[in-house]
There are 2 protein chains.
Amino acid sequence: MARWQPDARGRLEAAALALFNERGFEQTTVTDIAARAGLDKRTFYRLFGDKREVLFSGGSRLEEVLVKAVAETDADPFETVVTAFRQVADEIFADRLDLVRVRQTIIDASPELQERELRKTNGLAATVAAALRAKGVGETTATLATESGVTVFRVAFARWVAPGNDASLADLIAETAAELRAVTSSPATPPARV
Amino acid sequence: MARWQPDARGRLEAAALALFNERGFEQTTVTDIAARAGLDKRTFYRLFGDKREVLFSGGSRLEEVLVKAVAETDADPFETVVTAFRQVADEIFADRLDLVRVRQTIIDASPELQERELRKTNGLAATVAAALRAKGVGETTATLATESGVTVFRVAFARWVAPGNDASLADLIAETAAELRAVTSSPATPPARV
């Protein structure tokens with residue numbers, strides 16, 4: 001079992017999330033995770049620093065896909081960011097709704113993990129804005145397009161993981177982006193009735 | 001000096017920020033702050049839990065002004081949030097640029113304080129979204145209008161505190177809101193040249 005295994009990372013992630021869900025995050029040990037995945041602890045520690053890291057290890061892959069998509073998309077800055085998030089939805093999240101729901105439940109239960117998630121999201125936003133600026137987009141436009149894209153992604157993501165949803169994340173992102181355009185497109189006057 | 005003083009809170013805040021700026025946050029004690037304000041420690045502890053709280057004590061006043069402004073503004077949801085932030089700019093921030101700059105420098109130097117600031121901002125956003133929903137705005141629209149408004153405020157605020165700026169925060173908010181409308185208003189097709 002100690003030898004290199006194809007997709008050891010994926011198996012350890014799935015095992016960890018299943019155990020976190022069954023026993024709780026605190027009650028799960030690295031030994032449990034490795035055993036469930038049919039691997040040993042050394043393999044775990046070669047791939048992850050600790051069990052917390054299993055929850056956040058997707059971040060660098062996400063960043064990679066986002067930056068590449070921003071560089072390759074030929075659209076206005078906001079649409080570029082939305083397109084990049086849709087690509088992330090297809091390439092990274094599409095087949096993982098069950099795992100993502102478990103992960104979300106664990107993070108929602110811990111203020112410490114929520115803070116880490118928030119910091120990661122902020123770091124990601126800075127990277128996306130930098131990728132836009134690298135294409136010649138002005139600083140303020142890059143920030144506003146990125147922050148608006150992150151807002152769209154967060155709202156779409158919450159809808160996607162909500163119980164009973166059966167729409168795809170990519171479709172929810174497109175839908176939420178259209179809603180954000182509508183919310184911010186109305187001119188300041190005349191005021192809407194409330 | 002132990003008796004009630006008019007604006008003891010304001011004097012303690014100003015004294016604390018001046019000392020944080022001169023000596024650093026860690027090197028400043030509550031005794032120092034009270035002495036600089038010409039008040040005693042008991043007065044300090046009647047108004048603030050600890051010296052950290054001095055940096056965040058404006059939050060509840062900010063929330064109050066925002067919620068009231070959201071309730072009273074008759075405009076579309078995004079414009080309502082922008083108007084509320086402009087009111088906060090006039091009522092709370094306008095005359096305090098120097099203090100705000102010092103505060104920002106202190107917070108930027110501490111990951112712990114940055115996290116607290118982030119949590120406070122998230123809490124504030126939740127309150128504003130709830131105030132919109134209380135007016136009958138749908139949940140998603142309320143969230144998107146609020147998050148977009150918070151983005152506008154954050155970008156405008158960073159411009160306001162930047163060295164060399166002499167525009168008012170309220171004007172910068174209006175300007176940034178117009179820029180966000182422009183960034184998110186272009187249709188998805190045809191793609192812009194990059």
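When I say contact today, I mean heavy atoms within 4.5 Å. Buried, for me, is under 20% relative accessible area. Keep in mind too that this is a predicted model.

Okay, let's start with helix α8 of chain A, since that's where I need those words. It covers residues 111–133, so to speak the 23 residues of the element, and reaches 33 Å from first C-alpha to last, close to the 33 Å expected at 1.5 Å a residue. Its buried residues are A:Leu113, A:Glu115, A:Leu118, A:Leu124, A:Ala125, A:Val128, A:Ala129, A:Ala131 and A:Leu132. And what covers them? From chain A, the cover includes α4, α5, α6, α7 and α9, and from chain B there is α8, residues 111–133.

Stepping back to the chain as a whole: chain A has ten helices and zero strands. Its C-alpha trace spans about 65 × 40 × 30 Å along the principal axes. Of its 194 residues, 47% count as buried. If you take contacts between residues at least 6 apart in sequence, 63% of them join residues at least 24 apart.

Now the two copies. The same surface serves both copies, with 100% of chain A's contact residues recurring in chain B.

One residue I'd like you to click on is A:Glu147. You'll find it in helix α9 of chain A, residues 139–161. Is A:Glu147 buried or exposed? Its relative accessibility is 19%, so A:Glu147 counts as buried, the cut-off being under 20%. Leaving aside neighbours within four places in sequence, A:Glu147 is in contact with A:Ala125, and across in the other chain with B:Thr151 and B:Arg154. A:Ala125, remember, is one of the buried residues of α8.

On to the nonpolar side of things. The largest nonpolar core has 80 residues, and A:Phe93 and B:Phe93 are the ones touching the most other members. For B:Phe93, not counting residues up to four places away, the list is B:Leu62, B:Val88, B:Val100, B:Phe153, B:Phe157, B:Trp160 and B:Leu169.

In chain A, ring pairs link A:Phe85, A:Phe93, A:Phe153, A:Phe157 and A:Trp160 into a cluster. Over all chains, the count comes to 18 aromatic pairs. Take A:Phe153 and A:Phe157: ring centres 5.6 Å apart, planes at 40 degrees, so that pair is tilted. Both sit in helix α9 of chain A, four residues apart, about one turn of the helix. A:Phe153 is buried at 12% relative accessible area, and A:Phe157 is buried at 13%. Over in chain B, the rings of B:Phe20 and B:Phe25 have centres 4.9 Å apart and planes at 65 degrees, so that one is edge-to-face. B:Phe20 is buried at 2%, and B:Phe25 is buried at 10%.

Last stop, the annotation. UniProt, in an unreviewed entry, places a "DNA-binding region" at residues 29–48 of chain A. In the model, that stretch is 75% helix and 0% strand, with its end C-alpha atoms 13 Å apart.

Technical notes: Residues are numbered from 1 along each chain as its sequence is written. Chains are lettered from A and ligands numbered from 1 in the order in which they are written. This is a predicted model: local features need pLDDT of at least 70, side-chain atom pairs count only at pLDDT 80 or more; totals for chains, interfaces and linings use all residues. Side-chain values use heavy atoms; hydrogens and water are left out. A nonpolar core is a set of buried Ala, Val, Leu, Ile, Met, Phe, Trp, Tyr and Cys residues joined through side-chain atoms within 4.5 Å. Buried means under 20% relative accessible area, exposed over 50%, partly exposed in between (1.4 Å probe, protein chains only). Helices (H or I, at least four residues) and strands (E, at least two) are DSSP runs, numbered from the N terminus. UniProt positions are given in the numbering used here, feature names are shortened, and annotations may be inferred rather than shown by experiment. The expected span of a helix is 1.5 Å times one less than its number of residues. Rings of Phe, Tyr and Trp (its six-membered ring) pair if their centres lie within 6.5 Å; planes under 30 degrees apart count as stacked, over 60 as edge-to-face and the rest as tilted.
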